[in-house]
Amino acid sequence: MKPEMINFFDRYLDDRYTRRLLSDMIRIPSVVGSEQTLAEFILKELQEMGIESRLDEVEPGRSNVYARLSGSRPGKRLHFTGHMDTVPVCEGWIMDPFAATVQGDKMIGLGSCDMKAGLACAMNMLRAIKLSGIDFAGELLFSAVVDEEAYSKGTLKLAGTDFGQCDAVVIAEPFPADEQHPTPIGITGKVLYDITVKGKAAHGFLPHEGINAVEEAARILTALDRLNLRTHPEYGKGNYSTLKIEGGYQIYTVVVPDVCRVEINRLLVPGETSQSALQDMRDLVASLNLSADVDVTLKAPVYESYVLNNDEPILQVLNEIYPLVMGGKIPHYGFSHVITDANVFAGKLHIPTIHLGPPMGNIHQRDEYVLLSWLAPVSKMYALIAERFLS
């Protein structure tokens, strides 16, 4: 990177703007399923910057926000993204979850670190690049999406648009690449097996005339330790957990149950895919020689695991700019047992994806907070990443 670029954006990045924006967003409740008001607020902010932007309805009353800055010539496409939805307010909050209370270096509020702070930093970056008029190639894309805390419906909808066609993605999740919160270069996936066992009804006093679906399902459950779980050097072995079983009478009757349904969650390590996991379960069921017919499918949510290659350009750019902003410190990387929208971008769409944002504090807990001192350096890293990747 040219030396003059290191401090180029300092005159355009505005930490006061980021703090104001974050405070305003915390004051707009956006619990998963109720993101529309925040989406309209973000759209208005982007339009006031003079940035091309629009809403994309995912479900009635739930919209993604998309924005685009185009360079002066053809080139790569870099996409910054974050989710607008938060988890619900849990028990035990001492502070008002929607007041954006500041105590020292902390701003306290629901969604403050997960992940409205990251969104605010990304919007500060967009504003700075727009104001600077800096020349770049390709396109700089931005999205604020719904439903990450549930089924990733927002990012799955985005995947079918041109915003899902890019060369790299930066997700503003709360991973600042320090020793305490290393940036994941690989994350786990998961599947949810939906198994329907179809037996044959009979009188409960004559069970030999039927096929007991509940007992056949039990044979599957007691054989789960034979499921073909792969092992990864960084993650160890995948796992499974039976979450639900339903079968038998609704109103008491002495009838051999003819249907039983089971849901089993399975953690996928890199190297496993949803389709390989589906085949594993079908192979296990086939090996049991059950009398019942068994239908094994997957139900939402399904997430693919991934590991980022060390030579990916977006990772090399982060390695280059991180010490310039963080006083010579190098970024720290790790492997995380988490699910984020990176499972869609990297796992499903195979787009190189990194997580980078202000660090987490009490995430998914009472009195969630973000450290305000991280807003400025993260905004600057975003700007330098965009300039370097699109130069």
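At what angle do α1 and helix α9 (residues 375-389) pack, and how far apart are their axes? In this predicted model, where local features need pLDDT of at least 70, side-chain atom pairs count only at pLDDT 80 or more and totals for chains, interfaces and linings use all residues, the angle is about 110° and the axes are 10 Å apart. Residues are numbered from 1 along each chain as its sequence is written, and side-chain values use heavy atoms, with hydrogens and water left out. Helices here are DSSP runs of H or I with at least four residues, numbered from the N terminus. Axes are lines fitted to C-alpha atoms over the stretch in contact, with angles running from 0 to 180 degrees between N-to-C directions. The pair α1 and α9 is therefore roughly perpendicular (65 to 115 degrees).

On the α1 side, D15, T18, R19 and L22 meet L375, A376 and S379 of α9, contact meaning heavy atoms within 4.5 Å. Three of the residues in this contact are nonpolar, two polar and two charged (Asp, Glu, Lys and Arg count as charged; Ala, Val, Leu, Ile, Met, Phe, Trp, Tyr, Cys and Pro as nonpolar; the others, Gly among them, as polar).

T18 sits in α1, residues 15-26, and is buried at 0% relative accessibility (buried is under 20% relative accessible area, exposed over 50%, partly exposed in between; 1.4 Å probe, protein chains only). Leaving aside neighbours within four places in sequence, T18 touches A120, C121, N124, L375 and S379.

C121 is also buried, at 0%. As for disulfides (cysteine sulfur pairs within 2.5 Å), the count is zero. The sulfur of C121 lies 12 Å from its closest cysteine sulfur, in C113, too far for a bond.

Notes. Helices (H or I, at least four residues) and strands (E, at least two) are DSSP runs, numbered from the N terminus. Angles under 35 degrees count as roughly parallel, over 145 as roughly antiparallel, 65 to 115 as roughly perpendicular and the rest as oblique.
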